[in-house]
Amino acid sequence: SDHMESICGYLMKYTNLVTGWQYRFFVLNNDAGLLEYFVNEQSRHLKPRGTLQLAGAVISPSDEDSHTFTVNAASGEQYKLRATDAKERQHWVSRLQICTQHHTEAIGKNNPPLKSRSFSLASQGSASSPGVQRRPSQNAVSFFNVGHHRLSTGKRVPIMQPDHLVDVREMMSQAEGQQRDLIRSIECLPVSGHLTSLDQDLLMLKATSMATMNCLNDCFHILQLQHASQQKGSLPAGMTISWLEPKISLANHFKNGAAQNFPAEINKPASVREEQSVAEPCQLTREPEEINPDEELEDICDDKEDDLGAVEEQRSVILHLLSQLKLGMDLTRVVLPTFILEKRSLLEMYADFMSHPDLFIAITNGTTPEERMIRFVEYYLTSFHEGRKGAIAKKPYNPIIGETFHCSWRMPKSDVATDAGSNSSAHCASEQVTLPKDLEGQKELDYYTVKFVAEQVSHHPPVSGFYAECVERKMCVNAHVWTKSKFLGMSIGVTMVGEGLLSLLEHGEEYTFSLPCAYARSILTVPWVELGGKVNINCVKTGYSASINFHTKPFYGGKLHRVTGEVKQNMTNTVVCRVQGEWNSVLEFTYSNGETKYVDLTKLSVTRKRVRPLEKQGPFESRRLWQHVTESLRDGDIDKATEHKRALEERQRNEERLRAETETPWCTKYFLKEGDGWVYHKPLWKTVSAVQTQQTDTN
């Protein structure tokens, strides 16, 4: 009873993009099962500004931070709220969950379940026969006969026993089969005529039937959790609970009008069984592995991505996917269809941002802070063309937690830009940096080596860390990125949350930078990608900063892929360089002395990365991990690629479940958590600092 008291207090409520967050006075009415809010405490005696019924609601702490949580009512209405700190959020969430559970159970006791319903297609003639020609006033739903009957399995008893959960599962399987038949029947309809597979009413029927099945699956999952909690203390040693997947997989809808019969375990390809049987990552060695660049070979893989073009043949898949989404919905946990995947992991995509190592190395060759900032901006803007493979609207594989990617580039020293009258290897005496003894021999080579490593350090939220260094030029870059995807109607938006840090040890300078958002546009016609948003580059030591705007195309007119920016000296507020153009075409740099420089990205040379052969890669290195998916995509076998992809994702879910049951934390391999970010375990700035400390002690 102590936990059921009515509580009240101020919380911040998110209203809309214009108004943003506003303080409101909230009251939890436990007796009525209501969450009410008022403008302030003084207006509490007036009519509430808003009210949510908590019966059947879902209370969810947010992944964004430790203060935010959401209340999702059964009616579909949602409150996004923010407490002052984590302790207050936990207080509100726990009280709301207790109240919600109490009133949800009360409704269940007072309202016995309804009889099951099944939908079946009426026997009809061909699409051209008079029987199926629809009059303008005829509703598409009348195309289906709705019957009421009891399913033969399972009898209702006052108390739900474990064996009845099995009966319910069988009933759910029957209902899912009928729902799949309904979907197939709709999709088998012609694409033209009076009654088509793209009829708005039929699409609505598909969407509502899917939503109904998802809701039933969620309810069944709650029953399992409730039963497990009741039996938790009486489970035999070593006994685990087998959970039903809470959502219907998209795999059954990848073919337009064709059933997907995935083979039984005994008939699965050996590669799929191998993917499912790879050992738990934490049982493998988590010690960082030193990759020898001499073992890496120049990459001969040339997976040029074909444009998706018009997606008529995949329209049913996309419409099915859209039927499950809401505006602003987080897509992190949504399984996207395989045909939109490009043949590389997200970790390798980050590596491809380094495809112009000559421009990267040339940053530190700038003779002045101003020139070094401008060179960094030039490198930054030229990295997206190759990293995004142009404007092709495909997405890379979502990395598995613990997945890594290694590569390197070799850049002839003669190809790296230097300034007239400057020596690329000359350093100021006051800022001389000494290399460790085991790295000094690399200075005698006629090329620079840039090494790269990336790791998926978190699954929920999905966070990647990547690090690159050029030891000879004493420069490195460290970054962590959390990819947040949202559904925006006919577009999908991806926000890159995180920060990068470029360190130029020769000059003692650090440059912080962020990444733009990406958008997949026109997902029902000819999909294409654009970048958008404002990013900032800043160097505290020198006082130089850059502001870059990636412009999204306006609704009417305007250019695609436009970017503008400026570099300024913060102390004097003087603009020293302006840039404009397209991030995947031509960029124009205008300097303060009046000179202009053009960079044609389509003609810019790309240095091939060097990667170890598959047989020398570890089981969790990207190319080896995804090799069967990639091979199937190359062969154009979408079904096989989907099967391999599902095996990897299922294994990841099983491992995550096992870690949760055993309360085993995930151990990263190359990156360490520092504050809100992730840092490479042995960055160059630490190595150099250690050497300098040893030399100081010796002297």
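## Helix 11

Gln627, His628, Val629, Thr630, Ser632 and Leu633 are the buried residues of helix 11. The helix spans residues 627-634 and is mostly covered, with six of its eight residues buried. Just past helix 11 comes Gly636, which takes a positive phi of about 75°. This is a predicted model, and local features are taken where pLDDT is at least 70.

Strands of a sheet pair through backbone hydrogen bonds, in either the parallel or the antiparallel sense.

Strand 1 covers residues 8-14 and strand 7 covers residues 78-82. Two bridges join them in the antiparallel sense. Lys13 stands opposite Leu81 of strand 7.

## Aromatic pairs

A pair of aromatic rings is described by the distance of the centres and the angle of the planes. The count for this model comes to 21 aromatic pairs. One of them joins Tyr14 and Trp21. Their centres lie 5.4 Å apart, with 65° between the planes, and the pair is edge-to-face. Tyr14 has 28% relative accessibility, so this residue counts as partly exposed. Trp21 is also partly exposed, because its relative accessible area is 23% and buried means under 20%.

Phe376 and Tyr511 form another pair. The ring centres are 5.7 Å apart and the planes stand at 70°, so this pair is edge-to-face. Phe376 belongs to helix 8 (residues 369-387), and Tyr511 to strand 18 (residues 509-513). The contact therefore ties together parts that are 135 residues apart in sequence. Are these two residues buried or exposed? Both Phe376 and Tyr511 are buried.

## Charges over rings

The charged end of Arg82 sits over the Trp21 ring, 4.0 Å from its centre. Arg82 falls within strand 7 (residues 78-82), and Tyr14 within strand 1 (residues 8-14). Trp21 thus has Tyr14 as its edge-to-face partner and the charge of Arg82 over its ring.

A further case involves Lys484 and Trp482. The charged end of Lys484 sits over the ring of Trp482, 4.8 Å from the ring centre.

How values were computed. Residues numbered from 1 in each chain as written. Predicted model: local features only at pLDDT ≥ 70, side-chain atom pairs only at ≥ 80, totals over all residues. Heavy atoms only, no water. Phe/Tyr/Trp six-rings, centres within 6.5 Å; stacked < 30°, edge-to-face > 60°. Buried < 20%, exposed > 50% of the residue type's maximum accessible area, 1.4 Å probe, protein only. Helix = DSSP H or I, 4+ residues; strand = E, 2+ residues; numbered from the N terminus. Lys NZ or Arg CZ within 6 Å of the ring centre and 35° of its normal. Pairing = 2+ DSSP bridges.
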